[in-house]
Amino acid sequence: MSNNKVFTLAEIAQHNSSNDCWLLIRGKVYNVTKFLNDHPGGDDVLLSSTGKDATDDFDDVGHSTSAEAMLEEFYVGDIDTSTVSSNVNYTSPNQTHYNPDKTPEFIIKILQFIVPLFILGLAFAVRFYTKSS
């Protein structure tokens, strides 16, 4: 049996401020309070990962091996796995559907007809005025 301190998710979730910030990554608990000001992504990134399993957040960024090694100096204990839900359902925030083509098709077709006619008319006008002088 390990001599490491074991924390519940509720205990870890209480450490969620810029004065006291703990993260749960790969079943281990880290007190990253002293690192908040030095984190390249800013302290908001770390603070937004408190109170939950931050493993996916950590892994998605693709941290360097030196960042992985740096975790060990912030290690404070392990998680009581019975307090972490293994069935996490992610729901994306409601966002309006992006429509890249907001211009009606008939306006585009009209412009495709008018713009070449305008250029042709301009070319004839330039030719007419430069030839008469």
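Leaving aside neighbours within four places in sequence, with which residues is Thr 55 in contact? The residues are Leu 24, Ile 25 and Arg 26, where contact means heavy atoms within 4.5 Å. The structure is a predicted model, in which local features need pLDDT of at least 70 and side-chain atom pairs count only at pLDDT 80 or more, while totals for chains, interfaces and linings use all residues. Residues are numbered from 1 along each chain as its sequence is written, and side-chain values use heavy atoms, with hydrogens and water left out.

Thr 55 belongs to helix α3, residues 55-61. Helices (H or I, at least four residues) and strands (E, at least two) are DSSP runs numbered from the N terminus. Thr 55 counts as buried because its relative accessibility is 13%; buried means under 20% relative accessible area, exposed over 50%, and partly exposed in between, with a 1.4 Å probe and protein chains only. Arg 26, one of the contacts of Thr 55, is located in the loop between β3 and β4. Its relative accessible area is 43%, so Arg 26 is partly exposed. Arg 26 is not a glycine, yet has a positive phi of about 55 degrees.

The strands form an open sheet of 5, in the order β1-β5-β4-β3-β2, with mixed pairing. The edge strands, each pairing on one side only, are β1 (6-7) and β2. Two strands pair if DSSP finds at least two bridges between them. Strands of a sheet pair through backbone hydrogen bonds, either parallel or antiparallel. Strand β2 (residues 16-17) and β3 run antiparallel and are joined by 2 bridges; in one of the bridges between them, Asn 16 has Cys 21 of β3 as its partner. The hairpin from β2 to β3 passes through 2 residues. Leu 24 has Val 29 in β4 as its bridge partner. Between β3 and β4 the hairpin has 2 residues, and Arg 26 lies in the turn. Strand β3 is mostly covered, with 5 of its 6 residues buried.

The largest pocket has a volume of about 380 Å³. Grid points are joined across faces, edges and corners, and the volume is the space filled by probe spheres set on the points. The largest pocket is lined by 23 residues, of which Phe 35, His 39, Leu 46, Phe 58 and His 63 are the closest to its centre. Two or more lining residues come from each of β3 (20-25), α2 (43-47), α3 and α4 (65-70). Helix α3 gives the largest share, 4 residues. By class, 14 lining residues are nonpolar, 7 polar and 2 charged; Ala, Val, Leu, Ile, Met, Phe, Trp, Tyr, Cys and Pro count as nonpolar, Asp, Glu, Lys and Arg as charged, and the others, Gly among them, as polar.

The count of aromatic pairs comes to 4. Rings of Phe, Tyr and Trp (its six-membered ring) pair if their centres lie within 6.5 Å, and planes under 30 degrees apart count as stacked, over 60 as edge-to-face and the rest as tilted. Among the pairs is the edge-to-face pair of Tyr 30 and Tyr 75, with 6.1 Å centre to centre and 65 degrees between the planes. Tyr 30 lies in strand β4 and Tyr 75 in strand β5 (residues 75-79), so this pair ties together parts that are 45 residues apart in sequence. Tyr 30 is buried at 4% relative accessible area, whereas Tyr 75 is partly exposed at 24% relative accessibility. Phe 35 and Phe 74 form a tilted pair, 5.7 Å centre to centre and 45 degrees between the planes. Phe 35 is in the loop between β4 and α2 and Phe 74 in the loop between α4 and β5, 39 residues apart. Phe 35 counts as buried at 16% relative accessibility, and Phe 74 is buried with a relative accessible area of 11%.

How values were computed. 1 Å grid on protein atoms, 1.4 Å probe; cavity = no way out; pocket = protein on both sides within 12 Å on 5 of 7 lines; lining within 4 Å.
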